[in-house]
Amino acid sequence: MDRKDSFWKNLMDNKALKRRIYDIIFESDTPSGKAFDVALMVFIVLSILLVIVESIRGMPESVTPCLRVMEYVFTFFFTLEYLLRLYCSPNPRKYALSFFGIVDLLATLPLYVSWVFGPARYLLIVRTFRLIRVFRIFKLFNFLSEGNLLLRSLAASSRKLIVFFLFVLIMVIALGTLMYMVEGQEPHTPFTDIPTSIYWAVVTMTTVGYGDIAPLTTLGRFLAAIVMLLGYTIIAVPTGIVSATMVEENRKKTLRHCPNCGRSGHGDQADYCQFCGAELEIQQDK
């Protein structure tokens, strides 16, 4: 028992081993680190394809055991990888609670949960989020600034969007109720109740138009035409709100000038120039 405890203690205190594993798993600049990351991407893609193939009905029964074995192999690999990340991380708690840490954990759990609840194994599709690491592997983080611009624009326009969607919600409830009043009393009407009528109003106003529910009376068709026209005018509103905010956010970015080198294009939250390191100042509108 003492020898076993000593083995685990030496393993947990082996800084050289932790550093070697850390360089392979967390670093992508070294040949071994990049090779590991590329292999990880291949495993992720294959495991996602495996989940998709498993969901296809009519697959030969002889293929099922092979797919199941592959699923166990992938899950074992991802579980071992997650445990190694915890082992070699300088701050395991920080990694475990980070976005990638949570996604890495969720990528391993569904198969184990499926032993109790079978359909849960299809949640393995969450491994798709792990493909975000491709930005780190191929040095594409500069492109993420555009994503940050979109996220900032959505956050800045969130109040306007909430007000807009509340207005649309009120409209679909009112129009659905009105359509029920017009069509609800007709024989063989598909507008059997107000919730169904509201569903029709949502589908029609968003221009989806499944066609599963349609008015029968002339007045009902006239009301449906009005809802369709409203949909075309309303659907562009949130796009316009976000677009205007994105223009404003981008304008703020161009106002950030460096007093030392004179270059612009800094984020509005930046305190120092990304080119020369000098302290930034905000240029006011003229």
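Visitor: Is Thr 207 buried, partly exposed or exposed, and what is its relative accessible area?
Guide: In this predicted model, Thr 207 is partly exposed, because its relative accessible area of 36% falls between the limits of 20% and 50%.

Visitor: Where does Thr 207 lie?
Guide: Thr 207 lies in the loop between helix α11 and helix α12, the latter made of residues 218-234. Its phi is near 65°, a positive value in a residue other than glycine.

Visitor: What about His 188, where is that one?
Guide: His 188 is in the loop that runs between α10 (158-183) and α11 (194-205). Phi of His 188 is near 60°, and this too is a positive value in a residue other than glycine.

Visitor: Is His 188 buried or exposed?
Guide: His 188 is exposed: its relative accessible area is 78%, and the limit for exposed is over 50%.

Visitor: Back to the helices. How do the axes of α11 and α12 cross?
Guide: The two axes come within 8 Å and cross at roughly 50°. The helices α11 and α12 are therefore oblique to each other, since the angle lies between 35 and 65 degrees.

Visitor: Which residues meet there?
Guide: From α11, the residues are Trp 200, Ala 201, Thr 204 and Met 205. They meet Ala 224, Val 227, Met 228, Gly 231 and Ile 234 in α12. By class, the contact of α11 with α12 has seven nonpolar residues, two polar and no charged.

Visitor: And α10 with α12, how are those two oriented?
Guide: The axes of α10 and α12 come within 10 Å and cross at roughly 170°. As an angle over 145 degrees counts as roughly antiparallel, α10 and α12 are therefore roughly antiparallel to each other.

Visitor: Which residues of α10 and α12 meet?
Guide: On the α10 side they are Phe 164, Val 168, Met 171, Leu 175, Leu 178, Met 179, Val 182 and Glu 183. On the α12 side they are Leu 219, Gly 220, Leu 223, Ala 224, Val 227, Leu 230 and Ile 234. This contact of α10 with α12 has 13 nonpolar residues, one polar and one charged.

Visitor: New topic: Asp 104. Is it buried or exposed?
Guide: Asp 104 is buried, with a relative accessible area of 1%. Its place is in helix α6, residues 99-106.

Visitor: What does its side chain make a polar contact with?
Guide: The side chain of Asp 104 makes a polar contact with the side chain of Tyr 95, at 2.6 Å. Asp 104 is also 9.6 Å from Arg 85, C-alpha to C-alpha, and these two are 19 residues apart in sequence.

Visitor: What span should helix α3 have?
Guide: Helix α3 covers residues 31-54, which is 24 residues, and at 1.5 Å a residue they should span 34 Å. The end C-alpha atoms are 35 Å apart, which agrees.

Visitor: Which residues in α3 are buried?
Guide: Among them are Gly 33, Phe 36, Asp 37, Leu 40, Met 41 and Ile 44. Others on the list include Ser 47, Ile 48, Leu 50, Val 51 and Glu 54. Lys 34, also found in α3, is partly exposed, with a relative accessible area of 38%.

Visitor: Lastly, how many helices and strands are in the chain?
Guide: The chain has 13 helices and two strands. Of its 286 residues, 31% count as buried.

Notes
Residues are numbered from 1 along each chain as its sequence is written. This is a predicted model: local features need pLDDT of at least 70, side-chain atom pairs count only at pLDDT 80 or more; totals for chains, interfaces and linings use all residues. Side-chain values use heavy atoms; hydrogens and water are left out. Helices (H or I, at least four residues) and strands (E, at least two) are DSSP runs, numbered from the N terminus. The expected span of a helix is 1.5 Å times one less than its number of residues. Buried means under 20% relative accessible area, exposed over 50%, partly exposed in between (1.4 Å probe, protein chains only). A polar contact is a pair of N or O atoms within 3.5 Å; within protein, one must be able to donate a hydrogen and the other to accept it, and residues adjacent in sequence count only if both atoms are side-chain atoms. Axes are lines fitted to C-alpha atoms, for helices over the stretch in contact, and angles run from 0 to 180 degrees between N-to-C directions. Angles under 35 degrees count as roughly parallel, over 145 as roughly antiparallel, 65 to 115 as roughly perpendicular and the rest as oblique. Contact means heavy atoms within 4.5 Å. Ala, Val, Leu, Ile, Met, Phe, Trp, Tyr, Cys and Pro count as nonpolar, Asp, Glu, Lys and Arg as charged, and the others, Gly among them, as polar.
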